[in-house]
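Biologist: I am new to this one. Please show it to me, and I will ask how each label was reached.

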Amino acid sequence: KRLILIGPPGSGKGTQSPLIKDEYCLCHLATGDMLRAAVAAKTPLGIKAKEAMDKGELVSDDLVVGIIDEAMKKPSCQKGFILDGFPRTVTQAQKLDEMLAKQGANVDKVLNFAIDDAILEERITGRWIHPSSGRTYHTKFAPPKAPGVDDVTGEPLIQRRDDTAEVLKSRLEAFHRQTEPVIDYYSKKGLVANLHAEKPPKEVTVEVQKALS
Ligand code: ADP
Ligand code: ADP
Ligand code: ADP
């Protein structure tokens, strides 16, 4: 399967991804994770992306299309993939269609993590991450066994520098203005399944499973 997860920051895409990945043995491509790794490693890509990310704005289409094009060539991604956080503009969606068409492939399903903006500030400001695995915790909704420490490795958790109430406002603005049209783009193709992303994680997982069955 070739799946796309679309939803505003904090809607639960990263939380549901590992479950989908394990069930369908798909590769998980999260452009946000790849960009953060590039920023941390100070690669040319990371240096170009950092300013927009810190402000909560989107990185240019050319940069992200380049990293997705590269990542989709991996052998492990040939049978299918989960795109988490891409495409975020209609231009990116059109480029993705072109890349897939070259392989005679297409998008199978778009999961729309629909949720009210009002819920997202608490989710985002309470989010803690284990950077190397991508495991995500929440101080209130999914606390780690020991505060600030990953359950599996015992390594420290971090908070993302853009996970502040202030930067969230710009990220939501970018979502409504640039990414919501992508949902329309795929709706017209009949590919969108709408999820109730405000529900508890396990109920969202059940909705995901229904959408993919
Ligand atoms: P979230 O957890 O808010 O959904 P991500 O981790 O997906 O956020 O993205 C973090 C930041 O990385 C975004 O605010 C944006 O600056 C950049 N980014 C990630 N994916 C894309 C993309 N497909 N197009 C442009 N910018 C992107
Ligand atoms: P996204 O990848 O869409 O930005 P995450 O999956 O990282 O979102 O979730 C954002 C925060 O909210 C995390 O701290 C996560 O633990 C928490 N969270 C995720 N899904 C739910 C849910 N259904 N109910 C409550 N909290 C959730
Ligand atoms: P159990 O102990 O029954 O296996 P979990 O440890 O998976 O349950 O989750 C305990 C509670 O935390 C559940 O109510 C669930 O809704 C919530 N929860 C689990 N994972 C997350 C997450 N990533 N984000 C937010 N809430 C979560």
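Modeller: Start with helices H2 and H3, whose crossing is left-handed. That word applies when the near helix is turned anticlockwise from the far one by less than a right angle, and right-handed applies when the turn is clockwise. This is a predicted model, in which local features need pLDDT of at least 70 and side-chain atom pairs count only at pLDDT 80 or more, while totals for chains, interfaces and linings use all residues. Residues are numbered from 1 along each chain as its sequence is written, chains are lettered from A and ligands numbered from 1 in the order in which they are written, and side-chain values use heavy atoms, with hydrogens and water left out.

Biologist: At what angle do H2 and H3 pack, and why is H2 given its label relative to H3?

Modeller: H2 and H3 (residues 44–55) pack at about 115 degrees with their axes 8 Å apart. Angles of 65 to 115 degrees count as roughly perpendicular, under 35 as roughly parallel, over 145 as roughly antiparallel and the rest as oblique. Therefore H2 is roughly perpendicular to H3. The axes are lines fitted to C-alpha atoms, for helices over the stretch in contact, and the angles run from 0 to 180 degrees between N-to-C directions.

Biologist: What makes H1 oblique to H8?

Modeller: H1 and H8 (residues 201–212) pack at about 40 degrees, with axes 10 Å apart. H1 is therefore oblique to H8. The crossing of H1 and H8 is right-handed. Helices here are DSSP runs (H or I, at least four residues), strands are runs of E (at least two), and both are numbered from the N terminus.

Biologist: How many residues surround ligand 1, and which are the closest?

Modeller: There are 18, with Pro9, Thr31, Arg36, Glu57 and Arg171 the closest. A residue counts if one of its heavy atoms lies within 4 Å of the ligand. Helix H2 (residues 31–40) gives the largest share of this shell, four residues.

Biologist: Which side chain lies 2.9 Å from a nitrogen atom of ligand 1, and what makes that a polar contact?

Modeller: That is Gln92, through a polar side-chain atom. A polar contact is a pair of N or O atoms within 3.5 Å, so the pair qualifies. Arg160 has a polar side-chain atom 3.1 Å from an oxygen atom of ligand 1. The protein covers 96% of the 560 Å² of accessible area that ligand 1 has on its own, by the Shrake-Rupley method with a 1.4 Å probe.

Biologist: What about ligand 2: which residues come nearest?

Modeller: Of 17 residues around ligand 2, the nearest are Gly14, Thr15, Arg127, Tyr137 and Lys199. Helix H1 (13–24) and strand E6 (135–138) each supply at least two residues of that shell. A polar backbone atom of Gly10 is 2.9 Å from an oxygen atom of ligand 2, and a polar side-chain atom of Arg127 is 2.6 Å from an oxygen atom of ligand 2. The protein buries 92% of the 560 Å² that ligand 2 exposes when taken alone.

Biologist: Which residues surround ligand 3?

Modeller: Thr15, Phe141, Ala142, Pro201 and Lys202 surround ligand 3. A backbone N or O atom of Phe141 lies 2.7 Å from a nitrogen atom of ligand 3, and an N or O atom in the side chain of Lys202 is 2.9 Å from an oxygen atom of that ligand. Of the 550 Å² of accessible area that ligand 3 has on its own, the protein covers 41%.

Key. A polar contact is a pair of N or O atoms within 3.5 Å; within protein, one must be able to donate a hydrogen and the other to accept it, and residues adjacent in sequence count only if both atoms are side-chain atoms.
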